[in-house]
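Please read the following report with the sequence and the model side by side. It moves from the whole chain to single residues.

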Amino acid sequence: MKKRNYIAYGLGDLYGGGSFFIISTFSMYFLINVAGLNPLLAGLVPGFGKIWDSVSDPLMGYISDHTKSRLGRRRVFFLIAILPIAVTFTLLWLPVSFSGQLTTFLYYVFAYLFFYSCSTMVLVPYSALSAEMTLDFTERNRLTGTRMVFSMIATLIGGVVVQPLINAFPSQEHGHLVMGLVFGIFFAVPYLFVFLGTWELPVIQKPLDKGKSVFRNFGSIYQNRSFRIHIIMYICSYAAMDILMAWLKFYLIDYLRRPDFITVGLGTILVSQMAALPLYVGLADKRGHAVSYRMGLMLWGLAIAMMAFQTPDGSVVVLFLNCLLIGGGMSAGVVIPFQLLPFVTDVDTLMTGEHRAGTYAGAMTLIRKLIQGAFVLPMLGLLLNSIGYTPHPADVELVQSASTIFWLRGLFIAFPLLLILVGIKASTRFPITPESHALLRSELERVEAGGRREDASERTKAICMQLTGKPY
């Protein structure tokens with residue numbers, strides 16, 4: 001595989017990484033302090049989109065697995081989605097001026113519903129593609145590593161450009177709208193290059209089981225032990241990241257009273273996250289993904305705990321170093337779960353004989369959006385309401401009550417730290433290593449060539465049982 005193909009594939013996650021980062025970091029503040037929604041309603045906005053996502057993500061995985069097109073069963077969707085990507089992201093930041101809270105709330109619910117529908121159509125087949133461009137362990141890791149580089153580039157651009165771009169306009173309303181349009185185009189255009197620079201290997205797919213519904217097909221993937229553990233690792237790291245990013249702007253403005261540090265803090269976290277990426281990819285190649293994941297999350301957890309010692313009159317240098325460590329550890333939590341996707345789908349192929357990377361990608365896409373839209377943002381809105389947070393315009397300084405500040409600070413640290421510890425514990429049980437995957441690929445090739453499962457060696461049977469959670 002040539003370098004340009006890695007780059008072409010990686011470009012697709014400018015959208016996945018960048019759009020979710022901007023939503024995580026800026027949407028709650030926009031909905032509360034610009035659009036004027038009550039914090040509780042603002043938190044519910046993306047959650048309502050999850051009702052539709054609970055149907056659309058499994059459906060898109062199923063559709064992607066069974067699409068027949070001369071342009072490929074995954075890549076054809078990249079061309080279809082270019083215009084919708086730009087339009088749906090822009091609509092999220094349109095500052096509507098309806099008179100009532102309910103009308104405003106309904107507009108943003110529908111805007112998020114359209115956005116998540118579009119992201120489903122694109123990101124499910126995109127995530128599945130890494131399992132079908134190559135079967136090689138190292139090439140798959142490099143594909144996902146390149147994808148994460150572009151994801152982090154997008155988040156870095158979002159972290160250092162979004163707020164200055166918004167502030168460049170005379171009103172917050174105008175600034176957010178222009179920002180949405182600029183980034184909508186930025187996310188859409190690369191998919192033309194993704195389409196042109198990628199391919200799909202031919203697969204021998206078992207005939208479709210017509211008695212197996214979309215949701216039975218989706219539910220059956222959780223029989224895969226490797227996937228169950230993988231999903232816990234994924235949920236923990238991405239929920240911790242989303243909570244951290246969603247709280248960060250409130251933490252810096254309302255607790256530390258450093259609104260000028262927002263761009264610096266985000267930029268520091270994201271630059272160090274990107275700089276650490278090759279270290280975790282290299283460690284995963286040599287020692288396995290679980291070891292790499294644990295090393296990063298331990299550093300991240302330590303850095304989060306250190307945030308408890310930050311004070312409004314503390315040193316900005318110490319705050320900068322703290323952000324540097326957070327990004328360095330977070331890098332593993334971002335990249336490793338996506339690197340694991342093609343490997344857990346190999347385990348599924350061993351179990352079922354089917355090639356269902358689309359179904360697995362649909363599960364990850366659904367869970368990613370559930371974490372952010374149905375858990376993190378609604379929870380943040382509920383908590384802000386519960387602790388007595390007072391909304392205020394972004395350019396007006398307002399001192400929150402001592403009780404509100406106490407809870408704002410404590411929850412910012414406690415929630416991510418708890419999730420990180422659970423993720424570390426789950427990773428100790430993850431069974432796929434470079435050695436076990438090599439044996440798995442060898443067994444798959446033997447079975448696909450006509451060999452019988454019964455003829456596998458005892459060691460192979462033991463490893464396969466460990467990977468699948470079922471007797472082989």
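The text below describes the overall fold, then aromatic rings and cysteines, and then a few selected positions.

## The chain as a whole

The structure is a predicted model, and its protein chain has 18 helices and zero strands. The radius of gyration of the protein chain is 22 Å, close to the 23 Å that the globule rule gives for 472 residues, so the chain is as compact as a globular protein of that length. Along its principal axes, the C-alpha trace spans about 70 × 45 × 40 Å.

Of the 472 residues in the protein chain, 60% count as buried. The accessible surface of the protein chain amounts to about 18,100 Å², and 68% of that surface belongs to carbon and sulfur atoms. When contacts are counted between residues at least 6 apart in sequence, 84% of them join residues at least 24 apart.

## Aromatic rings and the charges over them

A pair of aromatic rings is described by the distance of the centres and the angle of the planes. The count comes to 30 aromatic pairs. One of them is formed by Y251 and Y255, a tilted pair with 5.2 Å from centre to centre and 50° between the planes. What separates these two tyrosines along helix 11? Y251 and Y255 are four residues apart in helix 11 (residues 225–255), and therefore about one helical turn separates them. Both Y251 and Y255 are buried.

Arginine side chains also meet aromatic faces in this model: R75 lies over the face of F195, at 4.4 Å from the ring centre, and R140 lies over the face of F343, at 5.7 Å from the ring centre.

## Cysteines

A disulfide is a covalent bond between the sulfur atoms of two cysteines. How many disulfides does the structure hold? The structure holds zero disulfides. As for the accessibility of individual cysteines, C118 has a relative accessibility of 4% and counts as buried, and C323, with a relative accessibility of 3%, counts as buried too.

## Selected positions

The table lists the relative accessibility of several residues that are taken up again in the text after it.

| Residue | Relative accessibility | Class |
|---|---|---|
| R257 | 46% | partly exposed |
| I185 | 45% | partly exposed |
| I7 | 37% | partly exposed |
| L91 | 30% | partly exposed |
| D348 | 2% | buried |

R257 is found in the loop between helix 11 and helix 12 (262–287). The phi angle of R257 is near 55°, which is a positive value in a residue other than glycine.

Is D348 buried or exposed? D348 is buried, since its relative accessible area of 2% is under the 20% limit. The place of D348 is in helix 14 (residues 316–352). Once neighbours within four places in sequence are left aside, D348 is in contact with N224, G353, E354, R356 and Y360.

I7 is in helix 1 (residues 3–11), and its relative accessible area of 37% makes I7 partly exposed. Which residues does I7 touch, not counting residues up to four places away in sequence? On that basis, I7 touches T146 and F150. I7 and F193 are 186 residues apart in sequence, and their C-alpha atoms are 9.2 Å apart in space.

I185, which is found in helix 8 (residues 172–188), is partly exposed at 45% relative accessibility. Although I185 and A86 are 99 residues apart in sequence, they are 5.0 Å apart in space, C-alpha to C-alpha.

L91 lies in helix 5 (residues 82–91) and, at 30% relative accessibility, counts as partly exposed. Leaving aside its neighbours within four places in sequence, L91 is in contact with Y107 and A111. How far apart in space are L91 and L319, C-alpha to C-alpha? L91 and L319 are 35 Å apart in space by that count, and they are 228 residues apart in sequence.

How values were computed. Residues are numbered from 1 along each chain as its sequence is written. This is a predicted model: local features need pLDDT of at least 70, side-chain atom pairs count only at pLDDT 80 or more; totals for chains, interfaces and linings use all residues. Side-chain values use heavy atoms; hydrogens and water are left out. Rings of Phe, Tyr and Trp (its six-membered ring) pair if their centres lie within 6.5 Å; planes under 30 degrees apart count as stacked, over 60 as edge-to-face and the rest as tilted. Buried means under 20% relative accessible area, exposed over 50%, partly exposed in between (1.4 Å probe, protein chains only). A charge sits over a ring if NZ of Lys or CZ of Arg is within 6 Å of the ring centre and within 35 degrees of the ring normal. The radius of gyration is taken over C-alpha atoms; the globule rule is 2.2 Å times the number of residues to the power 0.38. Contact means heavy atoms within 4.5 Å. Accessible areas come from the Shrake-Rupley method with a 1.4 Å probe; for residues, only the protein chains shown count as cover. A disulfide is a pair of cysteine sulfur atoms within 2.5 Å.
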